[in-house]
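Here is a short tour of one model, starting with strand pairing and moving on to aromatic rings. Take a look at the structure first.

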Amino acid sequence: MKVLLIGSGGREHALALSLAKSPLLSKLFVAPGNPGMAKVADLVALDVANHAAIVAFCKLMDVRLVVVGPEAPLVAGLVDDLEAAGIRAFGPTKAAAQLEGSKGFTKDLCRDYAIPTGAYRRFTAPGPALAYVRERGAPIVVKADGLAAGKGVVVAMTNEEAEAAVKMMFDGAFGAAGAEVVIEDFLDGEEASFFAICDGARALPFASAQDHKRVGDGDTGPNTGGMGAYSPAPVMTPDVEARVMREIVAPTMRGMAERGAPFKGVLFAGLMIGAEGPKLIEFNTRFGDPETQVMLPRYQGDLLALMLAAAEGRLPESPAPLSPQTALTVVLAAKGYPDAPQKGGEIRALDKAEAMAHVVVTHAGTKRDGDRLVANGGRVLNVTALGGSVAQAQARAYEAVDAIDFPDGFCRRDIGWRAVAREKA
């Protein structure tokens, strides 16, 4: 069957590599894609915001399934328009994508279905929001309600930081996404990401991961889209996973169905695991980046068959088959990231890293400039390695990173440090 994958980053490259392994696949298209994906797919110059053009392409090329990678097309209703045209899609409808598109919507769902999360309030004006901050006190979390490219959350350790965040959001730093602000209690514990594949009625546990958001070693500096990750997350024990499925995922599935917006696709739960057990920080309604790059190398099933089953409402009863190995990815970013990444730097010797055993390199922000491969974004490459332990996967990943000649790039040198320390304890 022919499949169209929407997206252009490292997440989509990882998805493309897994989809390409399926015996069900006859042709993979990616729109718009990147140079790395060109090895396994045909790149298509489609405007992903032009839903009519995507529908027309699918009909012309007899595409049987569309896999939507990024959140923006989901929130914009691409799946609705595809399904209205009789084209199957892996991903939630516009109504179901509110779980990511509106933090306030998700917090209200948590309230109505007793899903464990931090106490919160929603605000549409700065005055009451500032008063609430002063009443509750720091540490406290200030969030833009809508999509803000992963930058709309401020974990404020002082009242002054929180007040500055409130003013910044209502002053239009995130445009319409910050027209409403959610302020919630700070949750203490260890963060983890958990993913479930959903078919509207049922949810199948998929995999867990932990990522590193801060730009600098030791989790210092500003937040980013993610500087690296590893899977599985050690804190996600079988007992914790069972609680997450029972206390968070199951009531969410029930709540969305009862609201007339059954959830299909991948449900990504950002969790805080504390003394009282798992609590929800937020939902995303698509695969994570860079979590996908460490989960999919561990997946031993047919990803296309699984996505098709989810889209058709017939998920298997059996658990997702995962390798017991650890996967760890290091993000190579352009100097200046996240504030002002330098584009155009040449990348050489990529083939040396790609030839290493147990290593997968995915492109995140690259383009071709004649015969040269150059940086074309903040996060440029993901270097992933598998190993029998976090320490072994880490060593293999950094060996591959060091084989790449990218003078205008940098990376964190401590991805997985907490897990490595835990292994040694």
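Strands S20 and S21 (residues 372–375) run antiparallel and are joined by four bridges. Strands here are DSSP runs of E with at least two residues, helices are runs of H or I with at least four residues, and both are numbered from the N terminus; two strands pair if DSSP finds at least two bridges between them. Across this pairing, Lys-367 stands opposite Val-374 in S21.

The open sheet has three strands, in the order S18-S21-S20, with antiparallel pairing. S18 (346–347) and S20 (366–369) each have a single partner strand and stand at the edges, so one side of each lacks a neighbour in the sheet.

## About the model

This is a predicted model, in which local features need pLDDT of at least 70 and side-chain atom pairs count only at pLDDT 80 or more, while totals for chains, interfaces and linings use all residues. Residues are numbered from 1 along each chain as its sequence is written, and side-chain values use heavy atoms, leaving out hydrogens and water.

## Aromatic rings

There are seven aromatic pairs in the structure. Rings of Phe, Tyr and Trp (its six-membered ring) pair if their centres lie within 6.5 Å; planes under 30 degrees apart count as stacked, over 60 as edge-to-face and the rest as tilted. Phe-90 and Phe-287 have ring centres 6.5 Å apart and planes at 25 degrees, so this pair is stacked. Phe-90 lies in strand S5 (residues 88–90) and Phe-287 in the loop between strand S16 (277–284) and helix H10 (291–295), 197 residues apart.

Both Phe-90 and Phe-287 are buried (under 20% relative accessible area, with a 1.4 Å probe and protein chains only; exposed is over 50%, partly exposed in between). Phe-287 also forms an edge-to-face pair with Phe-206, at 6.1 Å centre to centre and 70 degrees between the planes.
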